[in-house]
Every structure is written in C-alpha cells, then in structure tokens.
Amino acid sequence: MNSDIKIKHIRDTKSFEELKTPWGKLLCNSSVQSTFLTWEWLFAWWQVNSDKKALWLITAWRGEELVGIAPLMLEKRNTLIRVLTNIGTPQSDISGFIHAPDDEDAIKAIIQYLVLNKKNWDILEFNEFPHAWIEQPEFSQSFDCSDFWTLKNHNQHFYIQLDHDDWEKYSERLARKFRYNLRRALRLAEEIGPVELKRYQGNQVNWDIFKTIIEINRYAHYPRLYNSLSEQTLIKELVERMALNQNYSEVYILSVNNKPIAYEYGFVHQGRFEDWRSGFDTRLPSNVSIGKVLAMKVTQACISGKY
C-alpha cells in the first residue's frame with residue numbers, strides 16, 4: 001500500500017458525523033458529482049436504515065487531509081451471505097467513490113484495503129456507479145482473476161440537456177408529434193380548471209409540503225411508497241439535513257383546478273436538478289396525460305432557473 005496514504009476504516013456513526021466538513025470539501029473536487037454522494041444525503045439515509053448493517057466507511061488520508069472515500073456498508077442477505085455494498089442501496093440513484101480525479105494513490109489504497117479484507121465479505125456489490133468510472137482499471141486488475149467471479153450489468157440513466165435559455169427554443173428540437181401531445185395534454189388539463197406549478201426550494205421544503213406529496217401518492221401508481229414509517233422518517237431526516245443547505249432540496253407541486261394533483265421531488269447540485277421521485281393522482285380522466293404536463297412544467301421551470 002502506498003506509504004503516503006493511510007486508510008481509516010470508520011465503523012461508528014459518531015465518526016461518520018464528524019466527517020461532514022472534509023467530506024463536502026473533497027466532493028467539490030471529485031470526478032462524480034451528485035446529491036446522492038453528499039454527506040447530508042448518505043448520513044440521513046444511514047441514520048434511518050442502519051439496522052442490521054455494519055458501517056464500512058473506508059477513508060483515505062494524506063496526512064490530515066481526507067483524499068478518498070468509499071461509502072460502503074456490510075449487510076447479510078439470506079442470513080448467511082455477507083454483502084459489501086454502497087450506502088444508500090437501493091434508494092440512491094447515483095453512487096461511486098469520492099476522490100480527486102487524478103489521485104491514483106487514493107484509489108489504489110482503498111481498493112487494496114478491500115482486497116486485504118476479503119475474508120470479511122462474500123460479495124462486493126457496487127450499484128449505480130458511472131459507466132466509465134475511473135476506478136475500473138484498478139478494480140479489474142485487482143478482482144478479474146481466478147480468486148473472484150465478476151458480473152457487470154449496465155443500466156441507462158436518462159437526463160435532459162438544457163442548453164437553451166427559453167422553452168420555445170428548447171421545444172423546437174422535440175419531435176413534432178411529441179410537441180403536439182404536450183400541448184394536447186395541457187389543453188385537456190386546462191379544461192378541468194386552472195393549471196399551476198409551484199416550486200419549493202431549500203428551506204421552503206418542509207414536512208407540510210411532504211404531507212401534500214403523501215396525500216397525492218395515496219392515489220398514485222405506487223401508493224405504498226410513503227406508507228412505511230421508515231420511509232417517512234427518511235424523508236424527515238432529509239428535510240432536516242437538506243434545509244441546512246438551501247441549494248439541495250427542490251419540490252414541484254402541480255395543481256389542477258386548485259387541487260394538488262402531481263409532484264416531482266429531487267435535489268439541486270452543481271446547477272443540475274436531480275429528480276428522485278414523482279407521481280400523480282390516477283383518478284384523473286385517462287385521456288389527461290398529467291405526467292406529460294408535469295414533465296413539461298418542471299422542464300420549463302428548470303430552464304427559467306438556469307439549470
């Protein structure tokens with residue numbers, strides 16, 4: 001292991017909590033940027049979901065400077081299989097290791113530590129890592145051998161590049177039929193009553209907003225989503241943690257005829273809106289594509305917000 005790098009395996013929540021400031025500083029220079037890798041998101045998730053899991057927060061230090069983080073946890077599946085996976089699984093949309101892009105020593109030190117401690121885990125499972133993750137060559141060299149069996153799956157992550165400064169210019173690049181469907185969906189919704197989108201940002205996002213979301217979700221496609229106590233506790237933790245940083249949480253509520261009917265919830269990081277969850281009241285007439293209206297209105301809001 002590189003003598004310049006020291007590995008600290010953090011196993012307790014108190015030490016995890018104390019990493020907030022150096023974690024945020026390191027993430028600003030990391031090759032992977034996402035709210036789902038912030039200390040606020042992962043610590044909130046761990047506070048709620050740590051039962052029957054062991055914290056495997058592998059940190060790399062160069063002197064007193066934090067230079068690498070592998071945010072992992074160990075859990076047992078089927079009572080016997082020990083799975084080492086990223087914190088936030090399965091609710092995190094993006095994961096990865098946190099380090100400066102050119103710090104190969106930090107990457108090697110973390111991976112070597114995982115290999116040296118392979119007796120403590122049976123499966124190493126990384127979810128939602130970038131397709132072209134820069135740690136891959138080092139992982140391939142360390143794990144693609146007779147001692148390990150590897151399996152790779154690729155999932156698509158969709159995003160919208162907002163490279164225009166107004167909706168009309170942006171919509172010109174959409175297919176004609178799709179533009180027609182958007183206008184039709186909006187017209188049919190407006191026949192029911194006025195259509196309004198409200199945006200809540202930062203410390204405007206509070207538990208009362210989520211009560212509205214929970215009520216909408218009672219009649220959505222996945223009504224169980226916010227039913228469990230653990231899920232509601234996670235949302236409350238996120239609201240509390242993200243409220244301390246006004247640039248994180250963002251919620252859109254779409255109302256038709258003055259009734260909240262759809263929502264989209266996500267986070268803002270590095271000028272990018274990261275959608276996490278959305279839903280709409282399915283009791284609307286089936287010919288009203290309220291999901292299209294929501295997507296259009298949120299996109300318009302993001303364009304006006306210069307995202």
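Predicted model: local features only at pLDDT ≥ 70, side-chain atom pairs only at ≥ 80, totals over all residues.
Me: How do I read the pattern of its side chains?

Reply: The general idea is that an α-helix has 3.6 residues a turn, so residues three or four places apart point the same way. Now the case here: the buried residues of α10 are Ile290, Val293, Leu294, Met296, Lys297, Val298, Thr299, Ala301, Cys302 and Ile303.

Me: What covers the buried residues of α10?

Reply: The cover includes helices α6 (167-171) and α7, plus strands β7 (195-201), β8 (249-256), β9 (259-269) and β10 (272-280).

Me: Take α7, then. How do I describe two helices that pack?

Reply: You use the angle between their axes and the distance between the axes. For α7 (residues 176-192) and α10 (residues 290-304), the angle is about 105° and the axes are 8 Å apart. That angle lies in the 65 to 115 range, so α7 is roughly perpendicular to α10.

Me: Which residues make that contact?

Reply: From α7 you get Phe178, Asn181, Leu182, Ala185, Leu186 and Ala189, and from α10 Ile290, Lys292, Val293, Met296 and Lys297. Sorted by class, that contact has eight nonpolar, one polar and two charged residues.

Me: Which strands does β3 pair with, and in what sense?

Reply: Its partners include β2 (residues 53-62), antiparallel over ten bridges, with Lys53 bridged to Glu75 of β3. Strand β4 (residues 81-86) also pairs with β3 in the antiparallel sense, over six bridges, and Arg77 stands opposite Ile81 there. Then β5 (residues 98-99) runs antiparallel to β3 with two bridges; Ile69 has Ile98 as its bridge partner.

Me: And what should I look for in the hairpin turns?

Reply: Check phi. The β2 and β3 hairpin has two residues between the strands, and Gly63 in the turn has a positive phi of about 65°. The β3 and β4 hairpin has three residues between its strands, with Asn78 at a positive phi near 55°.

Methods: Residues numbered from 1 in each chain as written. Heavy atoms only, no water. Axes fitted to C-alpha atoms, helices over the stretch in contact; angles between N-to-C directions. Helix = DSSP H or I, 4+ residues; strand = E, 2+ residues; numbered from the N terminus. Parallel < 35°, antiparallel > 145°, perpendicular 65-115°, else oblique. Contact = heavy atoms within 4.5 Å. Nonpolar A, V, L, I, M, F, W, Y, C, P; charged D, E, K, R; others polar. Pairing = 2+ DSSP bridges. Buried < 20%, exposed > 50% of the residue type's maximum accessible area, 1.4 Å probe, protein only.
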